[in-house]
Structures are given as C-alpha cells and as structure tokens.
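Q: Hi! I'm new to reading protein models. Could you walk me through this one?

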Amino acid sequence: QVQLVEAGGGSVQAGGSLGLSCAASGSIFKPNTMGWYRQTPGKQRELVATIFSGGITNYADSVKGRFTISRDNAKNTVSLQMDSLKPDDTGVYYCYYRSVMIGAREYWGQGTQVTVSS
C-alpha cells in the first residue's frame, strides 16, 4: 500500500501563483511515476503533469509554460508550481503514484481544492 498526503492549494486571483506538494509513504517501488491530475464537477479527471523517477516530464497542453512539476526521489515527494493561473485551472487536484512494475495499481491522494477567480 502507498499513502499520498497532499498539501497546498487554496484560492487565488487570475494571474497569481500557487504551489502543491505531495508526500508518498508505504511500499514505494522505484522507478515510478508521480504527478497531478485534476477534476471539476461533471468532468472526468484529467492529466495536469507527471514526472518519472528519471526526471522525464509530461504536461497537459493547457498548462505548458505555466506549471512546473518537480520531485525529490530521496524524500518520495512531488511538487507542482502553478503560475499565471486562470479560472479554468479551478478544480480538485489529486496526487498520483504508480510504479513501473507490471500489474502495479495506481494510487491517489485525497485531493486538494484550487480555486482561481477572475
């Protein structure tokens, strides 16, 4: 089992910045992928950004150039710096973890709210 504990989020005006962090504990296997997804009411959960153990990143087109994902492999943490926020970035942000082992399951944090007002 893996536990993901998120911190950060909150409310900000458009153009502002927020940071999210997530700490993983439990049966952590490496290499792995950690990252962030978000969900708004009535919509499916969507990718925001992921980062592999080796540092390879993947961003949703909508956040490229504005969000930066990073990780600390020694501490099993992942962070998301969100700049130039837009109202469309509003949603519940979920931390994600999955090892590369065949058949490995996905793990999700409890979610943290990000609200961007215009």
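A: Happy to; we'll go from the overall fold to some strands and then to the aromatic rings.

A: This is a predicted model, where local features need pLDDT of at least 70, side-chain atom pairs count only at pLDDT 80 or more, and totals for chains, interfaces and linings use all residues. Residues are numbered from 1 along each chain as its sequence is written, and side-chain values use heavy atoms, with hydrogens and water left out.

Q: What share of the residues is buried?
A: Of the 118 residues, 41% count as buried. Buried means under 20% relative accessible area, exposed over 50%, and partly exposed in between (1.4 Å probe, protein chains only).

Q: Which strand forms a hairpin with β8?
A: That's β7, with four residues between the two strands. Asn76 in the turn has a positive phi of about 55 degrees. Strand β7 (residues 67-72) runs antiparallel to β8 and is joined to it by six bridges; two strands pair if DSSP finds at least two bridges between them. Asp72 has Thr77 in β8 as its bridge partner.

Q: What about strand β3, how many bridges join it to β8?
A: Six bridges join β3 (residues 18-26) to β8, and these strands run antiparallel. Ser21 stands opposite Ser79 in β8.

Q: New topic: where is Thr57, and what does it touch?
A: Thr57 lies in strand β6 (residues 57-59). Leaving out residues up to four places away in sequence, Thr57 touches Thr50, Ile51 and Ile69, where contact means heavy atoms within 4.5 Å. Thr57 counts as partly exposed, at 37% relative accessibility.

Q: Now the rings! How many aromatic pairs are there?
A: A search of the whole structure finds four. Rings of Phe, Tyr and Trp (its six-membered ring) pair if their centres lie within 6.5 Å; planes under 30 degrees apart count as stacked, over 60 as edge-to-face and the rest as tilted. One of the pairs is Tyr37 with Trp108, which is edge-to-face: 5.1 Å centre to centre, 80 degrees between the planes. This pair links distant parts of the chain, with Tyr37 in strand β4 (residues 32-39) and Trp108 in strand β10 (residues 107-108), 71 residues apart.

Q: Which residues form a cluster there?
A: Tyr37, Tyr96 and Trp108 form one aromatic cluster. Trp108 counts as partly exposed, at 31% relative accessibility.

Q: What does Arg45 lie over?
A: Arg45 lies over the face of Tyr94, at 3.7 Å from the ring centre, and over the face of Trp108, at 4.6 Å from the ring centre. A charge sits over a ring if NZ of Lys or CZ of Arg is within 6 Å of the ring centre and within 35 degrees of the ring normal.
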